[in-house]
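Hi,

Here is the structure I promised to pass on.

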Amino acid sequence: METSGQAQNTNCLGCMRRFEQALRTGSWKRLPKPLFFWYQAAAKEEELLRSLFKETKATSGIEVGCGPGRILEFMLAEIQAITCMVGVEHNPETAAYAKTRFRQERQVEILEAAPKIEKFDISLSMFSTAGNQAEPWIFVADLFNLSTRLTAFSVYKLGLEKERMRIYAQFGHENIQVAGSCIILNDKLVQNLRSQAFSYKEVEAACKALTKDYEIIDASHLNYVVVLRH
Ligand SMILES: C[S@@+](CC[C@H](N)C(=O)[O-])C[C@H]1O[C@@H](n2cnc3c(N)ncnc32)[C@H](O)[C@@H]1O
């Protein structure tokens, strides 16, 4: 999949793992557009997170929607002082994979639901997971409440639905539907997965409702990375 763009994935977990491998090897840089943009969005997220980690001097963090653990692994590598890191993943198969992956890392814990009371220096939700939620801005508000210093999340930009549909098709998705600002995937690979995109103005209004100190970064062709500070 990484070099040819051909569909080879059999489920989301397999696809996310191959996606992470391609990011690490850099093989994605040879891919044609628009598939190239998909990987570029993730690479840009990581580049921005690296400087945010330095800024916050975080020792604890959480990622909601951690998948198999791309960002958790990245945090482990980038934040030497990290003592507590939680990944939240509601898909049981993916959560089980992440638990096995990090079983030897004492500072990492994988949960299937976000903790209610605990707070972390930073809270994250990457690769447009907010757009998978029925109530994206409630999800973001909850994410912000989990942090004491900084929250970062990414969202797809509105208006790139045709390009994103071509990308999903290359990953083997069929019958891809668009409903307003949402792309809906419902096929043999995933059931009823919605992926919403947002305009800059919508993101700005949502940020202003939470904090005065926010940044909406035009991170890549496909996504904004949003930073909220306390
Ligand atoms: C788009 S993938 C991103 C994975 C990872 N964050 C990354 O950037 O590589 C979203 C993941 O979040 C999980 N997820 C979506 N909504 C969630 C929620 N509300 N709570 C926990 N996990 C969630 C999905 O099952 C999926 O594994």
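One definition before the helix pair: axes are lines fitted to C-alpha atoms, for helices over the stretch in contact, and angles run from 0 to 180 degrees between N-to-C directions. Helices (H or I, at least four residues) and strands (E, at least two) are DSSP runs, numbered from the N terminus. On that basis, α1 and helix α3 (residues 70-78) pack at about 35°, their axes 10 Å apart. From α1, Phe-19, Glu-20, Leu-23 and Arg-24 meet Arg-70, Glu-73 and Phe-74 of α3 (contact means heavy atoms within 4.5 Å).

Keep in mind that this is a predicted model: local features need pLDDT of at least 70, side-chain atom pairs count only at pLDDT 80 or more, and totals for chains, interfaces and linings use all residues. Residues are numbered from 1 along each chain as its sequence is written, and side-chain values use heavy atoms, with hydrogens and water left out.

Next, α4 (residues 92-101). Its buried residues (under 20% relative accessible area, 1.4 Å probe, protein chains only) are Thr-94, Ala-95 and Ala-98. Down the axis of α4 they fall within an arc of 100° (taken from the directions from the helix axis to the C-beta atoms), so they line one face of the helix. They pack against α1 (12-25) and β3 (108-111).

Helix α6 (residues 161-170) buries Glu-161, Arg-164, Ile-167 and Tyr-168. Their arc is within 120°, so these also line one face of the helix. Their packing partners are α2 (35-56), β5 (147-157), β6 (177-179), β7 (182-185) and β8 (193-198). Just after α6, Gly-172 has a positive phi of about 100°.

Cheers

Definitions and conventions. Buried < 20%, exposed > 50% of the residue type's maximum accessible area, 1.4 Å probe, protein only.
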